[in-house]
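Me: I would like to learn how to read a cavity and a helix in a model. Please take them in turn.

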Amino acid sequence: MSVQSRQATVAHRGFVFDLGSAAIDLARSGWELYSVFARTLYFVARGKREKGAVLRQMYEIGNKSAFFLTITMGFIGMILVYQSGLQTKRILPDFTLLGATYLELLVRDLAASIGALMLATRVGAGIAAEIGSMVVTEQVDALRMCAADPIDFLIKPRFIASVIMTTVLIIWAAAVAYVAGGATAYFAFDVPWRTFLNIQLVDHGDLITGLTKCVAYGAAIPIVSGYCGLSTFGGSEGVGWATTRAVVNSSLAIIVLNFFISAAAFVVFPK
Amino acid sequence: MISFKHIKKAFGPKPVLDDVSFDVKRGEVFFIIGASGVGKSVLIKHLIGLLRPDGGEIWLDGEEISRKDELGMMPVRKKCAMVFQHSTLFDSMTCAENVALPLRKHRGMKTRDALIEAKNRLEVVHMQDFADRFPSELGDGMRKRVAIARALTLDPTYVLFDEPTTSLDPVSARRVDKLIRELSDKLGVTSIVVSHDLASIFSIADRIVMLYRGKVKLMGTPEEFKAVDDPIVQQFIHGRAQGPIE
Amino acid sequence: MASAERSIEVKVGMLILVSLAILAGFILVMGGINFEKKFTVYVDFDNPGGLQTGAPVRIAGVKVGSVDEMQFRGGEIDAQGRRSMVRCKLSVQEKVHSSIREDADFYVTTQGVLGEQFLAIDPGTPTKPILDPEKTIPHGIGPPRIDLFLAKAYELLDMTVTGLRNNQDLVKEIIVNTAGLLTGLNGSVQDNRDRINRIMQNLEALTVEANTLTRDARGKYVDNPQIDRTLANLDKITGDLQKDTGPLLKDAKEAMANLNRASATVGDPEGQAKLKKTIDDVSDLAHRADLIAADTQEIVGHIKKGDGTVGALVMDEELYDDLQEMARDLKHNPWKFFWKN
Amino acid sequence: MTAAPSPSRFATLAEGVGTSVFGIAETVGGMGLLLGRILARLFPPRLDYPELRRNLYKMSVKSVPIVIITALFTGAIMVIQAAPIVKRLGAEGLVGWAAGFGTLREIAPLLTALMISGRVGANNTAELGTMVVTEQIDALRALAIDPIAFLILPRFIGITVTLFMMTLYADALALLGAAYSSKALIGVEPTAFLHGLTGGLLGFADVANGLVKSVVFGLVIALASCHFGLTTTGGAPGVGKSVNATVVASAAGIFVLDYFVSFLLG
């Protein structure tokens with residue numbers, strides 16, 4: 001809170017000042033993020049291998065998020081089909097392509113993006129809270145004293161685990177959302193399973209786009225949240241702030257990445 | 001007049017207070033001492049309803065208060081102020097706003113009037129120059145003074161101090177001691193002080209109670225404490241590492 | 001401190017005001033509230049189709065009001081002897097009142113083929129007096145029922161085919177007889193001249209109307225995707241077609257029967273020639289009817305391959321096939337258009 | 001609890017499910033109790049206006065940039081995703097309707113809620129959690145100030161109001177983003193886009209649908225963040241855990257309730 005209060009005291013110097021300082025902050029954070037990313041990649045290639053660390057993180061990130069992701073993606077699947085079904089009913093009462101279109105959207109975008117947004121809250125907050133607590137309790141400094149680079153030791157395993165598990169979880173999430181959507185279509189609009197189960201609209205472009213997004217989001221979440229965690233200062237409120245920033249910034253990163261990947265896919269795989 | 005009667009309190013399976021009884025008289029400076037973790041802070045938090053006893057009664061000015069609900073405790077809390085161990089100022093507010101808060105909430109003062117009044121109160125503890133600073137920008141001693149100013153805004157009859165001199169430098173600590181003594185002498189405020197600062201205990205205490213293993217070990221004046229030859233008391237008041245206290 | 005507090009208040013206030021402005025904007029733009037003066041018109045419908053309360057009312061595509069209420073009337077017969085099942089209460093902007101004349105048409109149609117149904121007003125002839133909604137309750141035209149149209153067309157086709165098949169021998173006989181004929185037909189032809197003329201006129205008029213319509217429809221469709229009017233017109237043709245076909249067939253049948261009867265008795269060359277001419281004319285007419293069908297087919301073709309929104313409407317292959325089948329059949333057997341047992 | 005002598009895989013699974021069910025029940029119960037206590041303070045209203053104003057400022061004004069960025073990008077993404085379908089059907093004129101429907105009813109309220117839950121909800125939990133672990137809540141009580149009325153109620157109102165306002169902003173901005181990206185991507189003029197939006201297929205009901213959702217989401221976020229904030233234990237790591245729990249519970253709550261609200265409103 002005091003952090004904010006201080007910000008508040010600085011905030012009376014006019015809009016241009018605010019804008020300028022925001023831009024500088026943004027640029028600086030961008031550079032630092034990039035440096036964390038580059039160092040993570042470096043350590044992925046050359047760092048010390050700590051036995052079991054990646055596996056443990058895969059369990060933390062993957063298995064522990066599965067329940068949460070199943071619930072949310074199940075509901076989002078139902079909502080999406082319900083809403084598009086309502087529209088279809090209103091405009092052209094023909095449900096034959098509902099399932100196919102839904103699957104295409106799911107594969108190309110929704111499964112990855114919404115799933116990753118969910119993971120950003122669950123995993124991103126977790127990573128930032130954990131690393132942030134280690135920073136404020138000076139455990140990270142202790143690590144440095146033991147000549148272990150915090151990025152190698154803390155972020156690298158999470159990075160590898162997240163890239164793998166995000167992809168796995170999103171494939172699972174897509175399946176859950178598709179089944180939930182199919183059930184909704186069946187119960188709410190009497191669309192038979194056979195009609196709903198139509199994969200004719202999904203092509204390799206959609207698959208590649210979807211998988212690219214999985215990997216990009218999987219990489220972005222631990223980097224952004226790890227960065228937020230490592231830059232924690234102050235006591236418990238600092239941890240809170242770091243966690244908040246991790247959630248917000250990873251979500252933003254996902255939305256922005258989604259925009260760029262989708263636009264690129266639109267150009268590369270024209271329909 | 002405060003009476004603790006047979007107070008029992010346990011956290012989970014671990015009993016902290018086990019049948020503690022004593023009285024505090026009006027206008028005195030009453031010290032509660034004991035080793036760390038013996039339940040001193042727990043005990044005084046019972047008085048203002050931050051904690052509820054598992055058994056026993058607490059009487060305040062002829063009223064049993066330990067069974068009151070949260071809203072029923074509000075009048076009690078206006079009568080008994082508390083200064084927390086870490087000062088515990090609201091760190092989203094400036095010092096003046098901290099002090100103004102009770103005025104605003106209980107005296108029905110407008111924000112602006114409350115702030116002016118708060119600055120007057122801060123002058124009493126010599127903190128008027130820091131009125132618009134945030135607590136995180138101040139040192140421990142300064143925060144403690146603001147916390148005391150805040151506790152006194154409602155002119156309470158009783159003030160509870162939870163380790164007021166811990167983590168203060170000796171100079172600040174003695175100033176706080178002096179303040180507590182003056183409250184009692186000049187305003188007739190009853191102070192209950194939780195402490196293990198020997199210097200404070202023997203300079204300003206009227207009476208002392210010592211807790212040991214959840215029970216009252218000894219109650220009396222500082223002179224009586226010095227005179228008693230119980231090894232536990234002696235080890236504590238002389239601060240020896242060797243002895244029967246674990 | 002005070003100025004800081006002020007600035008906080010100003011910022012929060014600005015934010016709230018802007019959000020209220022956005023809310024107001026949404027309400028206005030999305031048509032929640034309109035501050036225009038309104039007047040009320042009641043319109044009766046036999047079947048307003050899927051028209052819903054709240055549906056927009058448009059004149060020439062511009063939204064001028066909405067359907068406020070729909071009451072079920074249970075088929076009351078009004079002064080003109082028309083049945084009204086449903087009475088719609090429309091609330092229409094006062095400023096367009098002066099352009100709605102007494103002979104204005106109220107019809108239910110859809111937004112760009114796809115989409116919700118709405119009520120369109122064709123303002124009517126400018127020379128007529130302005131519609132007084134207190135006095136007259138206009139009778140509206142229901143939405144185009146393409147399903148019904150196709151069903152009826154199919155029924156007609158089926159009837160024709162069956163009739164022709166069952167009377168194959170008869171037809172053959174007529175032709176053979178006619179070929180070898182005949183004197184003294186004159187009188188009988190004379191007797192039937194009026195009828196044949198009427199058939200021809202009817203068909204002629206029908207063809208012209210259909211041609212214009214088709215052209216209109218096509219032009220309209222190419223220029224803008226609003227096909228609603230076309231569909232309404234198509235519907236109307238179907239109605240006309242149906243209305244006319246009954247007597248037409250009756251007349252044709254009678255003429256044939258007479259011919260048949262006459263063939264046995266009469267046979268002068270002049271009469272023969274006339275009869276031949278008559279048959280040729282009839283055949284010619286049938287050919288034109290065929291052209292209408294072909295044009296209709298073309299529209300349908302447009303609809304089908306034409307930019308998909310419309311395509312969805314006639315995506316039903318079966319209906320399309322039926323139409324095509326009907327057209328082909330008519331081409332090969334122009335007689336079918338006339339023949340009914 | 002009848003623990004199996006040798007914990008088989010099934011037993012651990014059942015135990016896990018059981019624990020999560022009880023955990024969810026506990027959370028929901030705690031939030032329900034908190035809601036009751038908050039409502040009790042509303043009649044008659046015992047609200048601290050300076051605190052409300054401060055929270056409104058912190059929650060809403062400071063969230064504007066993130067909402068702007070999110071909404072603009074989201075609008076653009078909506079169009080990118082709709083573009084192939086629109087092209088396939090050749091219904092360029094319907095882009096405005098398609099994007100508008102999805103944005104107003106679902107995407108704008110949902111994404112705004114997720115972002116606000118991350119920014120405001122998490123921050124609120126961190127703040128309350130910090131106040132709990134540093135005994136500031138106890139200090140309030142010691143000053144005879146009711147923490148629910150003084151701290152929670154203004155935050156509760158602040159979050160709900162913030163989400164409502166931010167959803168309006170997000171609606172407008174996402175549509176703006178969608179309009180211009182549909183011009184860039186499939187060459188639909190913004191006026192045609194606007195026409196698709198206002199042509200009668202969409203009504204204020206669609207906007208209202210989204211706004212009702214935003215209020216529901218606001219309540220969920222407010223309840224979750226206050227509940228987890230107030231039940232924080234265990235210092236700095238505890239605060240981190242609480243924040244984590246808040247964003248997870250908010251996200252799950254948002255999606256589950258979105259479904260029910262969608263169905264109820266039709």
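**A cavity and a helix**

Reply: The lining of the second largest cavity is made up of 5 nonpolar, 4 polar and 4 charged residues. Here Ala, Val, Leu, Ile, Met, Phe, Trp, Tyr, Cys and Pro count as nonpolar, Asp, Glu, Lys and Arg as charged, and the others, Gly among them, as polar. This is a predicted model, where local features need pLDDT of at least 70, side-chain atom pairs count only at pLDDT 80 or more, and totals for chains, interfaces and linings use all residues. Residues are numbered from 1 along each chain as its sequence is written, chains are lettered from A and ligands numbered from 1 in the order in which they are written, and side-chain values use heavy atoms, without hydrogens and water.

Me: What is a cavity, and which residues lie nearest the centre of the second largest cavity?

Reply: On a 1 Å grid over the protein atoms alone, a cavity is a set of points where a 1.4 Å probe fits but cannot get out; lining residues have an atom within 4 Å of a point. Nearest the centre of the second largest cavity lie A:R108, A:S262, A:A265, A:F266 and D:P84. α8(A) gives the most to this lining, with 4 residues.

Me: Why does the span of helix α6 of chain B agree with its number of residues?

Reply: Helices are DSSP runs (H or I, at least four residues). The expected span is 1.5 Å times one less than the number of residues. The 18 residues of α6(B) should therefore span 26 Å, and the end C-alpha atoms are 25 Å apart, which agrees. Just after α6(B), B:G188 has a positive phi of about 70°.

Me: Which residues of α6(B) are buried?

Reply: Buried means under 20% relative accessible area (1.4 Å probe, protein chains only). In α6(B), the buried residues include B:S172, B:V176 and B:L179.

Note on methods
Helix = DSSP H or I, 4+ residues; strand = E, 2+ residues; numbered from the N terminus. Buried < 20%, exposed > 50% of the residue type's maximum accessible area, 1.4 Å probe, protein only. 1 Å grid on protein atoms, 1.4 Å probe; cavity = no way out; pocket = protein on both sides within 12 Å on 5 of 7 lines; lining within 4 Å.
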